[in-house]
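Visitor: I have a model open and some time to look around. Can you walk me through it?
Guide: Gladly. Here it is.

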Amino acid sequence: MDEKTLEILEFSQITTILAGYTSFSASRDLALGLKPLTDYEQIALRLGQFAEARQLLDLEPGFSIGGVSDIREAVKMASLEGILEPKSLVELQQTLAAMRQTRSYLRTVSEELPLLWKIASDIVELRSTEKEIARCISPSGDVLDRASPELAATRRQLREEREHLWSRLEAIIRSPRGNKIIQEPIITEREGRYVIPVRVEMRKEIKGITHDVSNTGATVFVEPWSTMELGNTVRELVNEEKREVERILRKLSAGVGGYETELSLSIERVAELDLALAKARYARVVRACEPVLIDINGAKKESTEKAAIRLVEARHPLLEEKAVPLSLEMGRDFSILVITGPNTGGKTVALKTIGLFSLMAQAGIPVPASPETCLPVFDGVFADIGDEQSIEQTLSTFSWHVGNIVRIIRNATPCSLVLLDELGTSTDPTEGSALARSVLLHFLDRKILTVATTHYGDLKAFAHTTSGVQNASFDFDPATFEPTYHLTVGIPGGSNALATAARLGVPPEIVDKARNMLSKGTLELESLLGDLMVEKQKTGELRTALENERNEVEAQNTEIKNRLEHLKEEEQAVLQEARDGIVREAAELHRQIRQANSELRREMTRERLEQARKALAGAHEQLGSEAWTPKTGESEPAQRIATGDVVYLKDIGLQATVLSIFEDTQEVEVQAGQLKLKIGLESVEKVAEPKPARTRGAVVRTATKVISTELDLRGKRADEVEVALDIYLNDAALANLGEVRVVHGIGGGTVRQIVRDFLAAHPLVKSFRTGKHDEGGDGATMVSL
């Protein structure tokens, strides 16, 4: 990428801003060293990493790699058998822990963030080294006693000897003789020896070695002969402690130095992760996104893409909140854009915005614009913006501009972007205009995407009449002549130099004289451009009004659709409520039938029998409708039943032998296997020959059939529940089961209520209860038979 263009467009300021969002020095260096790339795959990878980092911060807003330091120099020193200081080892241990935690977390989200995990997967985990450093050195950088048994023993002995020494010195200070000779009652240290301050005139009163003299000369620091041996012992133990600490540090340093290559790579990978996170933090602050990339020079492309730029609500990244959004599309119908408009109207800012966006995107940095923004991957971005005169190099403004144009012409290709500010200025207007048109024709012939700004009327006409070249202008307020910084493509703009001069403070009489000096054609052209701006403003207002009306209509349509959806939901709710009511009514009718049957079975007095029969007849009458009563064939003529006959129990589906008949209660006592029970005459049917036991599915009832201790009624209709439950209870009773579980689910509670009402009236049921937590809770009922 052209270094001169990077300087002109102030790309380094972007990387400096980005570096401010990094967490440690290595990633900061990466940010400051970012350069635009020309390889589409690499650019897409960088922007993809940023997109995943933004997703990561959405998942974990507080996520960071805090605690990581650039330990590469320390590790390199350790690999050369150097001994690291305790604080360096603590910094290294904290870095190892932070890298391990970062890698561990990204492993858990590797499927959602594969690009970030690919970076993090190269980070080495040295848990044993991390733990060993933490065991030996405190967070404040002190080597702990537990680092080795020898160190602990040495320090313990040192404390004891030092206490002994201090006791001897304090005894000297507190003695009558000591009170006489000492300067002040303290114990201090000089050259590693413990001493007491003695008045200089009393020095001969105490035997010992003088280690120091005060600045005033009034005090000498003496180590008494009586504590000399203890002092020697303390000094030896201190040296021994130093040697042991050095041995421990050397061992820890060697353990780190053996992983120099792995740790250096890990720091590089963590720096890459932090850079991606820095881009995400930057994007959050400036509302930036990754643009859609267009590969215009890829070797593997099947078809050639056009170099088309589309900026949507693009904001100059260095102007922050002062930036006015710019929307622009070029490259499909035309490759040269000539921008005109008033001075200080935003033309140069537009050029720099286009150039900076291209550089930022190709460096993998998000751009402050809408996500619909599309940018080609250029092989070079070339700019001639600004004014750099040089007295030393005898360069005028025009010479500087021409030098830039020569450099651009020599290096630009059809896959490049060229930005030219005030093309052809700083010289004779006629010659400058001709040179500008010739330069633009050169870039047009080579299909090089070019944006140029100008005030030359000839260039406006050239752009209007030349295919592949398009005019654009920055609008101004026709009433005040102040710029609006809004770009319109397709219309040339007036310079409004006189209005701008007046606005900036030039005296009115000077401006009026200048206006009188203008030719009639120039005045008419400026007036025409002003009228066009007024008409454009009116058209914009009309468009805004139409858009508002359209939005209102769309809002009304949306409201109508929502109301229709709400009505449909209400209709479905009413239908569902009606269905539920029918099911509840059916359940109530079945309950009445069960209650009538129960009365018939338990209290068969003639009066109760008559009442039960009436209740049963009423329930059957309600269920006699076509919606609830299944069609049945004609009933067979009743046959007289006698003791010993084989009968068929219609409610249970079993065959049994009649033991006795009770005419007064219209009941019979029957025996089915080992089970004896009383049942109404209307519930049995005499059979000429014993019928085989009813089969369910593919299993035939036999004396050895194994009955499950659980019945699952979930999914059954209300009219199926009682039949299945009745059959199951009889099967369970015949199988001598003491307790069974009936699974009915929770749902709306209808099936549960049917089950429990039926169990309350069934003669085989001793008791029932709601299931415990491990038995299914409210979704199951435990039944004792």
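Visitor: Start inside. Which helix gives the largest share of the lining of the largest cavity?
Guide: Helix 14, with 4 residues. A cavity here is a set of points, on a 1 Å grid over the protein atoms alone, where a 1.4 Å probe fits but cannot get out; lining residues have an atom within 4 Å of a point. Helices are DSSP runs of H or I with at least four residues, strands are E runs of at least two, and both are numbered from the N terminus.

Visitor: Before we go on, what am I looking at, and what are the ground rules?
Guide: This is a predicted model, where local features need pLDDT of at least 70, side-chain atom pairs count only at pLDDT 80 or more, and totals for chains, interfaces and linings use all residues. Residues are numbered from 1 along each chain as its sequence is written, and side-chain values use heavy atoms, with hydrogens and water left out.

Visitor: Back to that cavity. What is its volume?
Guide: About 60 Å³. Volume means the space filled by probe spheres set on the grid points, which are joined across faces, edges and corners. The structure has 3 cavities of 30 Å³ or more.

Visitor: Which residues line the largest one?
Guide: Phe398, His401, Val402, Ile405, Leu423, Gly424, Thr425, Leu435 and Ala436. Helix 14 (397-411) and helix 15 (429-445) each supply at least two of the lining residues.

Visitor: How does that lining divide by residue type?
Guide: 6 nonpolar, 3 polar and no charged. Nonpolar covers Ala, Val, Leu, Ile, Met, Phe, Trp, Tyr, Cys and Pro; charged covers Asp, Glu, Lys and Arg; the others, Gly among them, are polar.

Visitor: Zoom out. How many helices and strands does the chain have?
Guide: 22 helices and 25 strands. Buried residues make up 43% of the 785 in the chain. Buried means under 20% relative accessible area, exposed means over 50%, and partly exposed lies in between (1.4 Å probe, protein chains only).

Visitor: And the contacts, what share join residues at least 24 apart?
Guide: 67%, among contacts between residues at least 6 apart in sequence. Contact means heavy atoms within 4.5 Å.

Visitor: Now the largest nonpolar core. Which members touch the most others?
Guide: Ile309 and Ile365, out of 51 residues. Helix 13 (residues 347-362) gives the most to this core, 8 residues. Such a core is a set of buried Ala, Val, Leu, Ile, Met, Phe, Trp, Tyr and Cys residues joined through side-chain atoms within 4.5 Å. A second, separate core has 49 residues, including Ile71, Met99, Leu116 and Ile133.

Visitor: What does Ile309 touch?
Guide: Beyond neighbours within four places in sequence, its contacts include Leu328, Met330, Ile354, Phe378, Leu417 and Leu449.

Visitor: And Arg310, where does it lie?
Guide: In strand 6 (residues 309-314). Arg310 is partly exposed, at 34% relative accessible area. Leaving out residues up to four places away, Arg310 touches Leu328, Glu329, Glu372, Thr373 and Cys374. The C-alpha atoms of Arg310 and Leu375 are 6.5 Å apart, though 65 residues separate them along the chain.

Visitor: Switching to rings. How many aromatic pairs are there?
Guide: The count is 3. Rings of Phe, Tyr and Trp (its six-membered ring) pair if their centres lie within 6.5 Å; planes under 30 degrees apart are stacked, over 60 edge-to-face, the rest tilted.

Visitor: Why is the Tyr21 and Tyr282 pair classed as it is?
Guide: The planes sit at 70°, with centres 6.0 Å apart, so the pair is edge-to-face. Tyr21 is in the loop between helix 2 (11-19) and helix 3 (25-32), and Tyr282 is in helix 12 (residues 260-286), 261 residues apart. Tyr21 is partly exposed at 24%, whereas Tyr282 is buried at 4%.

Visitor: What about Trp166 and Tyr194?
Guide: They form an edge-to-face pair, 6.0 Å centre to centre and 70° between planes. Trp166 lies in helix 9 (residues 149-174) and Tyr194 in strand 2 (residues 193-199), so the pair ties together parts 28 residues apart in sequence.

Visitor: Last one: backbone. What is phi at Glu81?
Guide: Near 70°, a positive value in a residue other than glycine. Glu81 lies in the loop between helix 5 (72-79) and helix 6 (86-108). Glu81 is exposed, at 74%. Glu191 has a positive phi too, about 55°. Glu191 sits in the loop between strand 1 (188-190) and strand 2, and counts as exposed at 61%.

Key:
On a 1 Å grid over the protein atoms alone, a cavity is a set of points where a 1.4 Å probe fits but cannot get out, and a pocket is an open set with protein on both sides within 12 Å along at least five of seven lines; lining residues have an atom within 4 Å of a point.
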